[in-house]
Amino acid sequence: MTLLGTIAKVFVIVSALTQLIRCQPNSPCPRIFNYIYNGQHWQGAIEVTSPPIGVTMNLAVVLLVPQKIDTEDLGSLELWINRENTLQRIANNQKVRYRVKFPPEAPIPRVSSIIYNGKRICTNKPNYLEGLLVTQIRLEHTLYTALAKERLSVGENYDKIAEKGEPEVIFQNRFGITKHTEQQCGKIQSKFTVTNLMMYGNKMERGSWPWLVALHAYKSTSLSFICGGTLISDRIILSAAHCFHNRHDQLFVASDVIAFLGKHNLRKLTEKDAVIAEISSIEIHPDFSRNNGEAFDADIAVLIMQKSIDFGDFIQPACLRHSNKLPSGRLGVIVGWGRDEHNNLLTFEPRRLEIPIVSEAECLAAGKVFSVITTSRTFCGGWRDGKRGPCHGDSGSGLLIYEDHKWHLLGIISIAVKHPISGLCDLSQYVVFTDVSKFTDWIELF
């Protein structure tokens with residue numbers, strides 16, 4: 001081979017390596033996840049700390065692929081070494097390594113999130129062009145372990161099929177419409193009537209607000225209603241962040257929270273086609289805080305259900321609203337099980353009420369208190385007549401508006417002014433809502 005030929009060969013090799021480097025996305029969390037090229041194709045490598053001995057280990061990774069995936073091979077998440085050696089590493093408190101196999105004949109996926117035992121340990125929002133078709137894939141692996149004779153061994157009920165977990169396409173578009181491609185958000189079945197919560201709100205027919213969710217939490221040995229929520233996909237519920245902190249300001253454990261979808265009467269244990277869903281993760285917005293112990297900022301939480309749910313007559317998702325323009329002067333709709341005009345702590349059946357949405361200037365002009373309890377990511381609404389509006393128990397429920405023939409989630413009930421005598425919600429004042437449109441980028445990470 002001539003010197004020129006040798007130089008050309010080296011150039012080709014260098015050029016090929018350069019192309020590979022250019023194709024490789026950056027890892028959003030290099031201490032946990034890295035891309036690895038094995039000489040034929042790219043894979044992902046995940047390394048996490050060992051769980052406490054005897055604790056089941058669940059890992060999930062959510063990938064984004066910038067194209068539609070038609071093949072049934074969606075990749076896999078698997079242990080890097082065999083199970084026996086992995087258990088030994090856990091017993092020695094060494095890190096556990098996983099291999100992520102990507103879908104074949106597809107662009108290299110980008111990591112959206114990694115969840116370890118219900119806690120999100122890596123989060124990323126890839127900068128894809130808006131409107132580009134994106135497939136989101138969730139890969140999951142559960143390692144069942146048990147403590148026996150001072151070492152880890154397979155539990156008696158170990159199921160090899162359950163350990164791997166099935167890959168799942170969560171959605172195949174830009175803004176997270178669910179895998180049920182025939183399903184449109186924000187639609188109410190025409191057979192359900194909607195009449196024009198709350199104080200002096202009107203009763204409503206079951207099914208006429210199908211995205212309403214009743215959230216309960218275990219407190220000691222009892223299961224109690226804590227807040228409302230809004231379903232926005234087959235796996236995601238939105239609510240208020242403050243709902244998931246107890247009186248000691250401790251965050252509820254996800255496994256202690258239960259979501260009731262398609263629920264209408266809180267007194268009934270079961271209702272036709274209602275679903276009881278366990279929560280795998282509660283994601284509180286990182287900016288959530290109380291200003292001076294009074295105002296909530298970023299009062300929003302994403303609840304991820306353990307399993308995707310099927311939609312039906314009584315369960316449908318609401319649409320997310322992506323416009324940042326506040327529709328002040330328009331009427332929005334709130335629905336919930338909160339305190340009523342008869343001072344019942346909860347109404348067993350939800351009530352519906354239309355309330356006006358007001359501008360920031362109008363809200364601030366209503367009293368000095370609103371300069372304290374509002375932020376740039378909230379808005380105000382209400383009648384200020386002392387009678388009608390959301391009250392205790394309605395927190396977390398959504399305020400929706402009807403646009404383009406669909407119901408869109410505009411706000412989340414966050415905080416109300418306390419009445420100086422009764423100590424209850426003062427409905428002669430506006431109510432403060434979290435502005436959901438200010439958080440859509442964060443919501444779409446999930």
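Mentor: Let us begin with Arg-99 and Glu-78, whose side chains meet in a salt bridge, at 3.8 Å from N to O. The term salt bridge here denotes a side-chain nitrogen of Lys or Arg within 4 Å of a carboxyl oxygen of Asp or Glu. The pair links distant parts of the chain: Glu-78 belongs to strand E4 and Arg-99 to strand E5, 21 residues apart.

Some remarks on the basis of this account are in order. The model is predicted, so local features need pLDDT of at least 70 and side-chain atom pairs count only at pLDDT 80 or more, while totals for chains, interfaces and linings use all residues. Residues are numbered from 1 along each chain as its sequence is written, and side-chain values use heavy atoms, with hydrogens and water left out.

Arg-99 counts as buried, because its relative accessibility is 17%; buried means under 20% relative accessible area, exposed means over 50%, and partly exposed lies in between (1.4 Å probe, protein chains only). The salt bridge is also part of a network, in which Glu-78, Arg-99 and Lys-101 are linked.

The strands that carry this pair come next. Strands are DSSP runs of E with at least two residues, numbered from the N terminus. E4 and strand E5 (residues 96–101) run antiparallel and are joined by 4 bridges; two strands pair if DSSP finds at least two bridges between them. Within this pairing, Ser-76 stands opposite Lys-101 in E5.

For context, the structure holds 10 salt bridges. One of them joins Arg-138 to Glu-140, with the closest N and O atoms 3.4 Å apart. Arg-138 counts as buried at 7% relative accessibility, whereas Glu-140 is partly exposed, with a relative accessible area of 23%. Another joins Asp-435 to Lys-438, where the closest N and O atoms are 3.6 Å apart. Asp-435 counts as buried at 4% relative accessibility, and Lys-438 is partly exposed at 36%.
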